[in-house]
There are 2 protein chains.
Amino acid sequence: MAVNLPAPDPGSLHPVAGVELGFAEAGIRKANRRDLMLMRLAPGTVVAGVFTRNGFAAAPVQVCRRHLAAGDSFRALLVNAGNANCGTGEQGMRAALASCDLVARALGAAAGEVLPFSTGVILEHLPVDRIEVALPACVASLNPAHWAEAASAIMTTDTVPKGRSVRTPIDGRAVTVTGIAKGVGMLQPDMATMLAFIATDARVARPVLDILVREVADRSFNRVTVDGDTSTNDSFVLIATGCVEAPAIDAAAGPAYEALRAAVLEVAQPLAQAIARDGEGATKFITVEVGGAASDDEALRVARSIANSPLVKTAFFASDPNLGRLLMAIGNAGVEGLDASRVGLWLGDVLVIERGGRSATYREEDGARVMAPAEITVRVDLGRGDAATTVWTCDYSYEYVKINAEYRT
Amino acid sequence: MAVNLPAPDPGSLHPVAGVELGFAEAGIRKANRRDLMLMRLAPGTVVAGVFTRNGFAAAPVQVCRRHLAAGDSFRALLVNAGNANCGTGEQGMRAALASCDLVARALGAAAGEVLPFSTGVILEHLPVDRIEVALPACVASLNPAHWAEAASAIMTTDTVPKGRSVRTPIDGRAVTVTGIAKGVGMLQPDMATMLAFIATDARVARPVLDILVREVADRSFNRVTVDGDTSTNDSFVLIATGCVEAPAIDAAAGPAYEALRAAVLEVAQPLAQAIARDGEGATKFITVEVGGAASDDEALRVARSIANSPLVKTAFFASDPNLGRLLMAIGNAGVEGLDASRVGLWLGDVLVIERGGRSATYREEDGARVMAPAEITVRVDLGRGDAATTVWTCDYSYEYVKINAEYRT
């Protein structure tokens with residue numbers, strides 16, 4: 001069902017110096033599928049992350065936060081699919097820590113240098129014994145070329161593995177940025193947690209990486225939505241091995257920082273869009289651009305109100321230029337003192353709403369024309385200021401209901 | 001598709017002294033259906049209302065707000081179905097005011113004593129000429145016994161007319177409260193605007209009625225949700241004709257006020273629930289009770305997060321006790337400092353989550369048993385305080401997508 005989303009050519013995913021990837025079939029939820037992924041990192045690798053804000057953050061998310069707060073550099077990431085280790089209380093915390101211990105022993109590292117990630121069913125205990133049995137195979141398969149295999153091993157209800165890679169010169173040296181992601185909603189629970197791992201061989205000071213991961217998240221993964229729900233396990237992690245011989249980027253400004261940010265965004269944005277393209281039951285990929293806002297927050301609220309409205313999403317599924325629903329969604333965003341008479345809205349290149357009402361030039365057949373393709377852009381001008389943002393989403397189809405109604409059966 | 005929602009027996013809807021109802025086929029959107037309703041009120045009738053907070057409030061809502069702010073008593077309500085008169089700019093305002101003029105002339109009242117209401121498609125101009133043609137038939141059919149006909153005349157995509165009536169002694173006099181509503185979402189646009197009109201023959205001072213309408217709304221219509229979207233035309237109006245010979249209720253406290261509030265709630269709550277029972281594509285009626293909250297606002301946020309989550313609603317459609325989604329929805333409510341280990345959750349009488357994890361006593365077959373019926377109660381204890389609230393909603397079915405995808409075609 002994914003919308004214009006081919007699987008990445010494995011050859012397009014460049015190795016990142018200092019990163020090796022391994023995988024195994026641990027049988028965590030289902031037999032005979034790769035569901036365990038290990039990423040080994042060169043000594044001195046720094047890592048920064050952003051995590052779910054859900055009040056029921058899963059045990060691995062809590063362990064990641066703890067390890068990232070306490071540690072300077074990291075040696076491994078362990079990711080399992082099939083079980084979220086969420087809503088599992090103290091036993092879940094012990095399971096996440098035990099997984100770190102196992103990896104630490106296998107790689108000769110400290111447990112605090114290992115970051116754990118889980119995605120899958122909620123409220124079931126993580127079978128650490130199966131991870132223990134499968135870990136040697138994971139270690140044996142470690143290889144810098146295994147990005148595509150890693151992208152597959154972390155999938156759950158994804159229909160397409162998601163990976164992206166760029167090379168760019170920074171300070172005269174070739175720097176690589178390669179990332180993988182899973183999730184068929186940024187914002188969905190159960191098997192649909194979003195996980196994204198992007199690695200670079202650039203040398204980046206940890207405080208700078210902490211800023212970079214947030215700046216990138218706010219222009220990529222935090223701008224995609226499938227159904228407005230937020231998973232208990234959502235995680236986006238940025239890894240810098242520092243294996244490229246170049247001066248460290250030690251300030252969140254300047255040409256080197258900006259070149260790196262551009263390269264990471266070039267990986268992160270298509271990965272984020274891939275999540276909406278592979279959204280559960282998606283038949284359309286929708287870009288919502290909101291401009292003329294008084295603040296970034298206001299722009300984002302309007303964009304999300306449109307992108308998350310079930311009525312708007314079903315209209316997109318029907319390729320129906322239902323202008324009333326778009327107007328309603330803008331009005332519901334809670335923008336204080338919105339002047340309806342200044343609001344304009346375009347579907348693709350067609351002006352459909354001006355001064356808060358149907359444009360005099362609008363013809364239904366023009367609306368139908370721009371709603372027909374699999375990719376649609378909605379552009380809103382609030383007429384209040386200069387702030388703008390872009391959000392990506394997908395439509396709601398029969399298939400969305402089917403997938404989520406029948407998911408556990 | 002409505003869940004346990006029979007049409008009201010016309011004989012059960014008691015006339016309210018001072019209220020007459022008329023109807024006509026105006027052909028506003030479709031021919032050969034009643035789509036115009038006129039309610040004539042006795043001189044001295046006071047009216048209070050609560051209206052949509054959507055930034056694109058429709059022209060009739062704006063006129064209602066203006067007339068209610070300026071006037072003391074009111075002589076008529078005019079309701080049309082088929083056209084929302086929203087997103088129609090100055091022309092829409094002129095159309096709403098012209099409708100009031102027509103009614104005022106027909107009934108010998110002032111235009112400011114008429115309140116207009118519209119529900120139907122957005123962004124199309126209201127055909128006032130058709131209202132003008134149909135109004136004499138409306139006036140000719142005015143009758144105190146026409147509540148059931150009025151309930152039908154204001155329907156759009158409703159599958160069942162909605163009415164409710166009670167009689168209760170207040171200060172030794174028999175007082176009647178009768179109401180009608182339409183809407184298959186509190187919170188939906190297009191044809192799905194919620195309109196509710198409740199009339200009583202009690203004598204109530206206008207400032208008291210203004211308080212009463214809000215108190216009742218917060219325990220009825222503001223506690224129902226179908227999909228989280230808010231219509232541009234939602235209106236709930238409380239009418240007190242004062243035709244019962246009794247002392248006026250002139251304070252929002254005391255036995256007479258409380259007896260009246262109880263009677264109005266006894267009408268308003270089933271009408272509000274009827275909206276969820278008749279929710280688009282509904283197969284389940286779901287009651288979400290949240291207790292142990294630190295504040296009313298917090299309780300409401302958690303209840304709405306559960307009631308509006310597409311993932312929770314599709315699980316209800318599937319009769320699937322998907323505990324992870326319920327946990328996720330609580331965690332997404334944005335409750336500051338939520339202690340997951342204090343949260344408990346019941347499905348019907350079955351404890352499923354305690355101390356933030358799956359209850360040791362929970363058995364999947366018990367969950368399946370309470371999820372099977374058409375009516376399901378979810379009860380949450382946040383373990384933080386004494387505030388509590390209740391929200392009513394319905395599930396998301398294939399039919400919801402079908403109705404909303406195919407609505408305009």
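This is a predicted model: local features need pLDDT of at least 70, side-chain atom pairs count only at pLDDT 80 or more; totals for chains, interfaces and linings use all residues.
**Chain A, overall**

I began with the size of chain A: for 409 residues a compact globule would have a radius of gyration near 22 Å, and chain A has 22 Å, so the two agree. I then looked up the extent of the C-alpha trace, and along its principal axes chain A spans about 70 × 55 × 40 Å.

Next I checked burial, and 59% of the 409 residues in chain A come out as buried. For contacts with a separation of 6 or more, I find that 81% in chain A join residues 24 or more positions apart. My tally of secondary structure for chain A is 11 helices and 15 strands.

**Chain A, α5 against α6**

How do α5 and α6 of chain A pack? I get an angle of about 45° between helix α5 (residues 206–217) and helix α6 (residues 255–277), with the axes 10 Å apart. That angle is why I call α5(A) oblique to α6(A). I noted the crossing of this pair as right-handed.

Then I listed who makes the contact. From α5(A) I have V208(A), L212(A), E215(A) and V216(A), and from α6(A) I have Y257(A), R261(A), V264(A), L265(A) and A268(A). Sorted by class, that contact has seven nonpolar residues, no polar ones and two charged.

**Chain B, α7 against α9**

I moved to chain B and looked up helix α7 (residues 296–308) with helix α9 (residues 323–331): they pack at about 140°, axes 8 Å apart. Roughly antiparallel needs an angle over 145 degrees, so α7(B) goes down as oblique to α9(B). The crossing of α7(B) and α9(B) is right-handed.

Which residues meet here? I see V302(B), S305(B) and I306(B) of α7(B) against L326(B), A329(B) and I330(B) of α9(B).

**Chain B, H125**

Last entry: H125(B). I located H125(B) in the loop between β5 (114–121) and α3 (128–140) of chain B.

Leaving out residues up to four places away in sequence, I find H125(B) touching T88(B), Q91(B), G92(B) and A95(B). I also looked up A96(B), which is 29 residues from H125(B) along the chain, and their C-alpha atoms are separated by 10 Å.

Terms used
Residues are numbered from 1 along each chain as its sequence is written. Chains are lettered from A and ligands numbered from 1 in the order in which they are written. Axes are lines fitted to C-alpha atoms, for helices over the stretch in contact, and angles run from 0 to 180 degrees between N-to-C directions. Helices (H or I, at least four residues) and strands (E, at least two) are DSSP runs, numbered from the N terminus. Angles under 35 degrees count as roughly parallel, over 145 as roughly antiparallel, 65 to 115 as roughly perpendicular and the rest as oblique. A crossing is left-handed if the near helix is turned anticlockwise from the far one by less than a right angle, and right-handed if clockwise. Two residues are in contact if their C-beta atoms, placed from the backbone, lie within 7 Å. Ala, Val, Leu, Ile, Met, Phe, Trp, Tyr, Cys and Pro count as nonpolar, Asp, Glu, Lys and Arg as charged, and the others, Gly among them, as polar. The radius of gyration is taken over C-alpha atoms; the globule rule is 2.2 Å times the number of residues to the power 0.38. A residue is buried if 20 or more other C-beta atoms lie within 10 Å of its own, exposed if 12 or fewer, and partly exposed in between; C-beta atoms are placed from the backbone.
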